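Subject: Structure handover

Hello,

Here is the structure I promised to pass on. Please open it first, then read my notes below.

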Amino acid sequence: SEQDMEQDPLLREWSEGRPCRRGNLALGLIFGAAVGLLMGVVVGRHAQSATLLSGAWEVTAPLPPTLSPPARPENTKSLLGAWDVIKTKEFVDLTHAFSPGIPSWPGFPTEKRRTLYSIDASGGGELGTGFWAEEFCHVGQWGTHVDPPAHFVKGMRTVDEIRPKEMMMPLVVIDVHDKVAADPDYVLSMDDVKEWEGRHGKVPEGSFVIMRTDWSKRWPDADSMTNKDSNGIPHYPGWTQETLTYLYEECKIMASGHETTDTDPGFATAKDDYTLETYILGTDHYQIELLNNVDKLPEWGALIVASFPKPRHGSGFPARVFAILP
């Protein structure tokens, strides 16, 4: 209409046949119509309302859901919240560093190492230079290590079959180090367990139980660890069948550990009696031996993480074990 042309100079020029701008106007109208149609399809599917104003769309609805930031699952939020707490806590390394000559079960050979590659010629790399790479040769039960069920019981689980969920647990520490100081042949009794429960309640299901003896303070002196008398009989503390049966069968703990080389006390191993270790592994649970820094742990309230490599069908392996204090 004439009124429209008065308000729109470009439309008036087109009506008057001015070719220099007619093509631009036509192209603009076609482009505007195409954009309007496309936006109408998109907005019509996702928006609650839209208004066409002067050849342009004004969208009054929210963006399509697919363009919104994805919501975090509730369990992710809770895990991140747990990490916010954990990262502020003290971590205690419960692992001895291993090397040739460290204390071990007397029937094992010591560790051997070779430098295969060294940074430069001064490092003695046997195969070349440019980086540092060593070869380690040691038994699975070396240093702080994991004993899987198959270590003593044929056909049972090997190291690679221990599930990750079995590697992080609430930690129970039963402290008998004063009694061990008075008697190196001391064995954990039910009285010790019940005294702990009197202070903290029943040993919880799924927990990891450590017998604290402070024997790790003798490391790395192998003779002090075995503590043999003049007749060659070793004297170091251990567990008892009664306490282990209670912990594994009634309390249903996940695993256990100690600071000595063996589950069984020294006077028993002198007779090749490994009944207690056989019992634990026979229940399809694992144990950790030669723990360190147990004196830095509370009796209750900490978490323990027992991690180790995954050798296929492995009979045991050095472990890296640490606790997170409350």
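Accessible areas here come from the Shrake-Rupley method with a 1.4 Å probe, and for residues only the protein chains shown count as cover. On that basis the chain exposes about 18400 Å². Carbon and sulfur atoms supply 57% of that area.

Two notes on the source. This is a predicted model, in which local features need pLDDT of at least 70 and side-chain atom pairs count only at pLDDT 80 or more, while totals for chains, interfaces and linings use all residues. Residues are numbered from 1 along each chain as its sequence is written, and side-chain values use heavy atoms, with hydrogens and water left out.

**Overview**

The chain has 326 residues, and 37% of them count as buried. Buried means under 20% relative accessible area, exposed means over 50%, and partly exposed lies in between (1.4 Å probe, protein chains only). The chain holds 10 helices and 14 strands. These are DSSP runs numbered from the N terminus: helices are H or I with at least four residues, strands are E with at least two. A contact means heavy atoms within 4.5 Å. Among contacts between residues at least 6 apart in sequence, 67% join residues at least 24 apart.

**The nine-stranded sheet**

Two strands pair if DSSP finds at least two bridges between them. Nine strands make an open sheet with mixed pairing. Their order is β3-β14-β12-β8-β9-β10-β11-β7-β13. The edges are β3 (91–93) and β13 (317–318). Each has a single partner strand, so one side of each is left without a neighbour in the sheet.

Start with β8 (residues 168–175) and β12 (residues 300–307). They run antiparallel and are joined by four bridges. M168 has V305 in β12 as its bridge partner. Helix α6 (residues 190–200) lies across β8 and β12, at about 115° to β8. For that angle, axes are lines fitted to C-alpha atoms, for helices over the stretch in contact, and angles run from 0 to 180 degrees between N-to-C directions.

Now move to β10 (residues 255–258). It runs parallel to β9 (residues 208–212), with four bridges between them. M211 stands opposite H258 in β10. Strand β10 also runs parallel to β11 (residues 287–289), over two bridges. There, G257 stands opposite I288.

Which way do the residues of β10 point? A255 and G257 point one way, S256 and H258 the other, and all are buried. In a regular strand the side chains alternate between the two faces of the sheet.

**The three-stranded sheet**

A further open sheet has three strands in the order β5-β4-β6, again with mixed pairing. Here β5 (128–129) and β6 (133–137) stand at the edges. Each has a single partner strand, so one side of each lacks a neighbour in the sheet. Strand β4 (residues 112–118) pairs with β5 in the parallel sense over two bridges. Y117 stands opposite G128 in β5.

**Salt bridges**

A salt bridge is a side-chain nitrogen of Lys or Arg within 4 Å of a carboxyl oxygen of Asp or Glu. The count by this rule is 15.

R114 is one to look at. Its salt bridge with E126 has closest N and O atoms 2.6 Å apart. R114 lies in β4 and E126 in the loop between β4 and β5, so the pair ties together parts that are 12 residues apart in sequence. R114 also meets E135 in a salt bridge (3.1 Å, N to O). That pair links β4 with β6, 21 residues apart.

In helix α6, E197 and K194 are three residues apart, about one helical turn. They form a salt bridge, with closest N and O atoms 3.2 Å apart. E197 is buried at 12%, whereas K194 is partly exposed at 41%.

There is also a network of salt bridges linking R157, R163, E166 and D284.

**A nonpolar patch**

I119, F131 and W132 make a nonpolar surface patch of about 390 Å². Patches are made of residues with over 30% relative accessible area and no salt bridge; like charges are joined within 9 Å, nonpolar side chains (Val, Leu, Ile, Met, Phe, Trp, Tyr) within 5 Å. F131 sits in the loop between β5 and β6. F131 is partly exposed, at 43%.

Best wishes
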